[in-house]
Amino acid sequence: MISPSILSCDFTKIREQFEMMNKAGADYVHVDVMDGMYVPNISFGLAIISQLRELTEIPFDVHLMIEQPERYIEDFVKAGADIITVHASATKHLNRTLNLIREKGVKVGLAINPAESLSILDYTIKDLDLLLLMSVNPGFGGQKFIEQVYDKIACAREIIDRENPNCILEVDGGVKLDNAERVYKSGANLLVAGSAVFGVEDPMKAIEDFKRIGK
Ligand code: DX5
Ligand code: ZN
């Protein structure tokens with residue numbers, strides 16, 4: 001499956017980009033929220049997301065790169081999130097935050113940065129609908145895939161198969177058409193692609209190609 005990241009979109013043409021994603025059959029829309037604190041960059045927030053929500057039926061995969069995301073879970077649900085992913089390292093009481101997302105009626109995602117261990121999964125994996133492995137340091141589109149993450153994807157796949165087989169394994173950062181096959185083969189089943197979709201000449205073809213590689 002493929003989740004194009006609108007962080008790399010030309011926002012002056014946002015309506016066309018959504019029409020394109022609808023036609024291409026994107027599985028999710030990846031929505032990167034950055035607060036300038038948890039990550040160095042600032043992206044967009046609630047008002048924009050609720051407006052974009054009207055442009056598609058595709059589920060919104062909202063990736064919160066914000067400090068203390070628990071403060072805003074309810075607001076992002078109201079804005080139209082279908083999955084909310086928080087970073088383990090952004091919230092003090094992760095179990096409480098994951099429960100809160102569940103209580104608000106959306107799918108629960110957990111993100112792990114490149115240098116962070118999978119050990120946090122020992123006591124969280126059963127609570128998750130989605131595990132997001134970062135393959136770049138969060139904050140910017142267009143960075144290079146960090147090679148060590150391939151092995152980590154394979155380890156995460158084993159844990160998921162054993163403990164919670166329905167959990168989606170999403171990989172985010174530096175995913176391109178030329179490494180997508182290796183990412184899928186390592187065990188991911190949902191790829192985020194920002195610049196590899198919106199930074200190329202034919203974004204629709206890119207989405208279709210990603211989907212084909214995943215089959
Ligand atoms: C990075 C974001 C990514 C980003 C990916 O912090 O979480 O979702 O948009 O962009 P690319 O695919 O260009 O690496
Ligand atoms: Zn992301």
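Analyst: The discussion below concerns a predicted model and sets computed values against the cut-offs behind each term.

User: What makes His30, Asp32, His63 and Asp172 a gathering at one spot?

Analyst: UniProt, in an unreviewed entry, places the feature "binding site" at His30, Asp32, His63 and Asp172. They span 143 residues in sequence, yet no two of their C-alpha atoms are more than 10.5 Å apart, so they gather at one spot. Of these residues, Asp32, His63 and Asp172 are included in the lining of the largest cavity.

User: Why is aspartate 32 called buried?

Analyst: Its relative accessibility is 5%. Buried means under 20%, so aspartate 32 counts as buried. This residue belongs to strand 2, which comprises residues 29-34.

User: Which residues does aspartate 32 contact, leaving aside its neighbours within four places in sequence?

Analyst: The contacts of aspartate 32 are Ser5, Leu7, Ser43, Phe44, His63, Met65 and Asp172. The term contact requires heavy atoms within 4.5 Å.

User: What makes the pairing of aspartate 32 and serine 5 a polar contact?

Analyst: The side chains of the two residues are joined at 2.7 Å. A polar contact is a pair of N or O atoms within 3.5 Å, so the value for aspartate 32 and serine 5 meets the distance cut-off.

User: How do you know whether histidine 63 is buried or exposed?

Analyst: Histidine 63 has 0% relative accessibility. Because buried means under 20%, histidine 63 counts as buried.

User: Which residues come nearest to ligand 1?

Analyst: Of the 20 residues around ligand 1, the nearest are Asp32, Gly139, Asp172, Gly194 and Ser195. An oxygen atom of the ligand is 2.8 Å from an N or O atom in the side chain of aspartate 32. For aspartate 172, a polar side-chain atom lies 2.7 Å from an oxygen atom of ligand 1, and for serine 195 the corresponding value is 2.5 Å. On its own, ligand 1 has 390 Å² of accessible area, and the protein covers 100% of it.

User: Why is glycine 141 called partly exposed, whereas glycine 173 is called buried?

Analyst: Glycine 141 has 45% relative accessibility. Buried means under 20% and exposed over 50%, with partly exposed in between, so glycine 141 counts as partly exposed. Glycine 173, at 9%, counts as buried. Glycine 141 is in the loop between strand 6 (130-134) and helix 5 (149-163), while glycine 173 lies in the loop between strand 7 (168-172) and helix 6 (180-186). The UniProt annotation "binding site" (unreviewed entry) covers a set including Gly141 and Gly173, and the lining of the largest cavity takes in both from this set.

User: What makes serine 3 buried, and where is it found?

Analyst: Serine 3 is found in strand 1, residues 2-4. Its relative accessible area is 0%, and the cut-off for buried is under 20%, so serine 3 is buried. A polar atom of its side chain lies 3.3 Å from the backbone nitrogen of histidine 30. Among the residues that serine 3 touches, not counting those up to four places away in sequence, are Tyr28, His30, Asp61 and Glu170.

Conventions. Residues numbered from 1 in each chain as written. Chains lettered and ligands numbered in written order. Predicted model: local features only at pLDDT ≥ 70, side-chain atom pairs only at ≥ 80, totals over all residues. Heavy atoms only, no water. UniProt positions renumbered as here; feature names shortened; annotations may be inferred. 1 Å grid on protein atoms, 1.4 Å probe; cavity = no way out; pocket = protein on both sides within 12 Å on 5 of 7 lines; lining within 4 Å. Helix = DSSP H or I, 4+ residues; strand = E, 2+ residues; numbered from the N terminus. Buried < 20%, exposed > 50% of the residue type's maximum accessible area, 1.4 Å probe, protein only. Polar contact = N/O pair within 3.5 Å; in protein donor to acceptor, adjacent residues only side chain to side chain. Near = heavy atom within 4 Å. Areas by Shrake-Rupley, 256 points an atom, 1.4 Å probe, with all protein chains shown as cover.
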